[in-house]
Amino acid sequence: MVKHEDVRAEAKKLLESGKVKYIIAYELGADGWKANPVFIKKPEDVDKIIWGPTCFHNLVRFVVDEKRRKVQQKNPDTRPVGVMVKGCDSRAIVILLQEKFIERKDVHIIGVSCEKTGVIDERKLANKLKGRKAKNVEFGPDENFVVTTEEGTVDLPASEIMADRCLECIAHVPVITDVLFGEKTKRTVPHPFGSVEKIETLSSEDRWKFWSEQLEKCVRCYACRSVCPMCYCDECVADTITFAVSPDTTAEEKAQKIKWLDKSPVISENIFYHMVRAIHLAGRCIDCGECERACPVNIPLRMLNKKLEKEAKLLFGYDVGFDPEKPALISCFRDEDPEDFIR
Amino acid sequence: MDKILAKKDFPRWLEALGAYDVYAPQLIDDVWNYELAADPKAVSLDYPQTAIPAKKIVFPQREFFFEFREADTDDYKLKELLPEGKPTVIFGVRACEGKAVTLTDLVFGGEIADDYYWKRRNAAVLVGLACASPPSTNCFCLSVNGSPHSKEGLDVLMTDLGDQYYVEILTDKGKKLVSEGGAIFHEAKPPDKKAAEKIHADSEKKLARELKNIKDVPAKLKGMFASPFWDDESMSCIRCGICTYLCPTCHCFDINDEVESQTPLAGRRVRTWDTCQFPDFTMHSSGHNPRPDKAARLRQRINHKFQYFVEVWQNYQCTGCGRCITLCPVGIDIIKVVEKVRDHAS
């Protein structure tokens with residue numbers, strides 16, 4: 001089991017020695033049971049750090065923010081930032097390294113193993129508790145969670161309340177670290193692409209119907225894009241500011257700029273937005289599942305990404321986010337790559 | 001006179017409302033939202049909180065202003081597309097949402113009234129449901145001039161008494177709506193009134209969260225505009241639109257022309273929700289952005305709700321529903337932020 005004290009001691013050491021600028025970690029939220037991201041800048045604050053089954057967030061998202069801040073500073077502090085990562089999150093760092101968005105020296109990676117389980121799915125838990133409110137959730141000794149409500153403590157098996165992403169996880173131990181907490185447990189995943197298997201059996205009409213209904217719900221808050229550490233483009237087709245303007249830009253040029261999609265949350269625009277998002281994550285999505293968790297209307301966004309992950313695996317034998325030395329899927333060509341789609 | 005409605009008769013009331021578009025909370029893919037009720041029997045008011053507030057019915061995320069079409073001459077044909085104002089009833093509205101609509105009324109009303117908003121607003125009947133216990137763990141209505149059984153903005157207030165509802169008629173619109181139900185409503189008796197009052201009084205003691213002593217916050221915020229406080233508080237913000245799109249009082253919008261044909265040039269002018277949390281919200285056509293980062297945007301959200309709105313309308317533009325806290329993917333907590341402002345050494 002990962003002990004809070006060990007992670008805190010490591011964080012304290014890092015901050016006291018000045019080896020890192022600050023540490024991106026998890027703290028307990030105001031509701032008293034769920035984790036939130038926290039930025040620890042002083043050694044005396046390390047006791048805020050926690051680790052548990054509500055540490056959903058992929059904190060690598062804030063490594064992207066740090067890079068953005070740094071490029072705007074005149075004399076940036078070039079020390080690394082410390083960042084707590086789960087297995088899936090660590091694969092996001094691999095992608096950022098592959099794509100040369102960050103350098104290895106920019107991050108001090110504090111890995112935590114999810115050991116036998118992973119994070120919970122809040123909606124699954126709420127359904128299970130039927131109106132009772134959770135007060136605390138902890139890892140159980142086995143493949144289970146210990147959930148405390150006002151009515152006492154219950155033991156719930158991981159298969160019932162764990163997030164889908166964790167049920168299909170192929171990297172529960174971080175793949176790149178400077179320090180690792182927790183055991184390198186062995187785990188078998190019988191159905192790594194289980195979440196897409198059902199929909200794959202449907203006819204194209206039924207699939208269209210399914211996605212039309214799901215994407216109809218979208219309110220275009222862009223939480224799925226914003227929470228994703230892989231969505232780091234400075235310009236995005238979803239925003240209206242995809243056009244560099246200088247004092248010489250004429251009114252005509254501004255008026256003529258291409259508007260890729262309308263702001264209206266209608267099915268054509270919603271589908272376009274979600275297709276762009278999904279396709280841009282092909283061979284890059286590391287299945288941290290944050291897009292799906294963040295979605296306020298519960299669109300199964302992970303399914304889109306998972307399908308593309310499966311294509312990358314089946315067509316190119318490509319495993320996403322394991323080896324920073326390997327070229328990115330989209331930017332390499334090998335003689336053995338399939339070409340049967342060219343007709 | 002207050003009424004009593006047996007729960008088993010509730011579907012009959014809905015069935016009698018054929019002339020109305022009836023919205024009620026419905027659970028779709030594990031998320032509650034106000035949706036058109038196709039089957040009156042399937043409507044249950046036993047629900048916690050919707051993700052999207054009832055504002056979406058009076059202030060839809062997308063609406064049309066007018067359509068345009070290039071004519072043969074050097075001219076355009078324009079046609080106004082005012083909403084028809086079909087009678088609409090929304091069931092299960094929480095007190096914080098009813099109050100929120102009254103705040104939005106202020107913004108779209110006054111000297112230059114927004115016809116598009118008022119067409120829908122005037123046609124909408126809000127049937128409230130008192131919160132016997134807080135629908136969310138982040139409810140704090142009592143701290144921002146509200147209460148779990150407030151009647152503000154509502155036309156009818158229902159209180160769940162177990163196997164019946166205590167029904168208070170608050171406006172003429174509400175009176176008409178109840179009269180549609182006819183004989184299924186009975187006169188309430190003094191013990192019923194007592195029972196409802198007890199539920200109301202008890203509900204005030206059940207809120208888990210509060211935001212105390214914020215009287216000086218508006219003045220405090222004024223002095224904190226340039227404070228590095230906002231950089232620290234916004235560190236974990238991911239710049240999405242959840243806190244504002246799903247806020248019952250946020251009402252900012254964008255206007256665009258949606259072109260549907262190039263020759264002849266034709267399309268519609270459309271209003272959609274917009275949010276101060278998106279970078280392009282304040283982007284000037286020069287390329288300058290006066291609110292350049294997420295610190296400035298978090299500051300705007302807090303300042304609007306707890307300073308600017310108070311200065312203009314003498315009320316907080318927050319009704320304590322807690323959605324922005326519950327649904328924020330990174331746990332940014334408006335209560336915590338405002339408490340820190342309150343306690344900030346100026």
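**Exercise 1.** In this predicted model, A:D65 and A:R68 both lie in helix 2 (residues 60–72) of chain A; work out how they are placed along that helix and what joins their side chains.

*Solution.* Begin with the spacing: the two residues are 3 residues apart, so about one helical turn separates them. Next, consider the contact itself, in which the side chains of A:D65 and A:R68 form a salt bridge with an N to O distance of 3.8 Å, and this falls inside the 4 Å cut-off.

**Exercise 2.** Determine which parts of chain B are linked by the pair B:D160 and B:K7, and decide whether B:D160 is buried or partly exposed.

*Solution.* First, the closest N and O atoms of the B:D160 and B:K7 salt bridge are 2.8 Å apart. The pair connects distant parts of the chain, since B:D160 belongs to strand 8 (residues 156–160) whereas B:K7 sits in the loop between strand 1 (3–6) and helix 1 (10–15), 153 residues apart. Finally, B:D160 is partly exposed at 29% relative accessible area, and B:K7 likewise counts as partly exposed at 29%.

**Exercise 3.** Locate the helices of chain B that hold B:E233 and B:K340, and classify the accessibility of each partner.

*Solution.* The side chains of B:E233 and B:K340 meet in a salt bridge of 3.0 Å, N to O. B:E233 is in helix 8 (residues 229–233) and B:K340 in helix 12 (residues 334–343), 107 residues apart. With a relative accessible area of 14%, B:E233 is buried, while B:K340, at 41%, is partly exposed.

Methods
Residues numbered from 1 in each chain as written. Chains lettered and ligands numbered in written order. Predicted model: local features only at pLDDT ≥ 70, side-chain atom pairs only at ≥ 80, totals over all residues. Heavy atoms only, no water. Helix = DSSP H or I, 4+ residues; strand = E, 2+ residues; numbered from the N terminus. Buried < 20%, exposed > 50% of the residue type's maximum accessible area, 1.4 Å probe, protein only.
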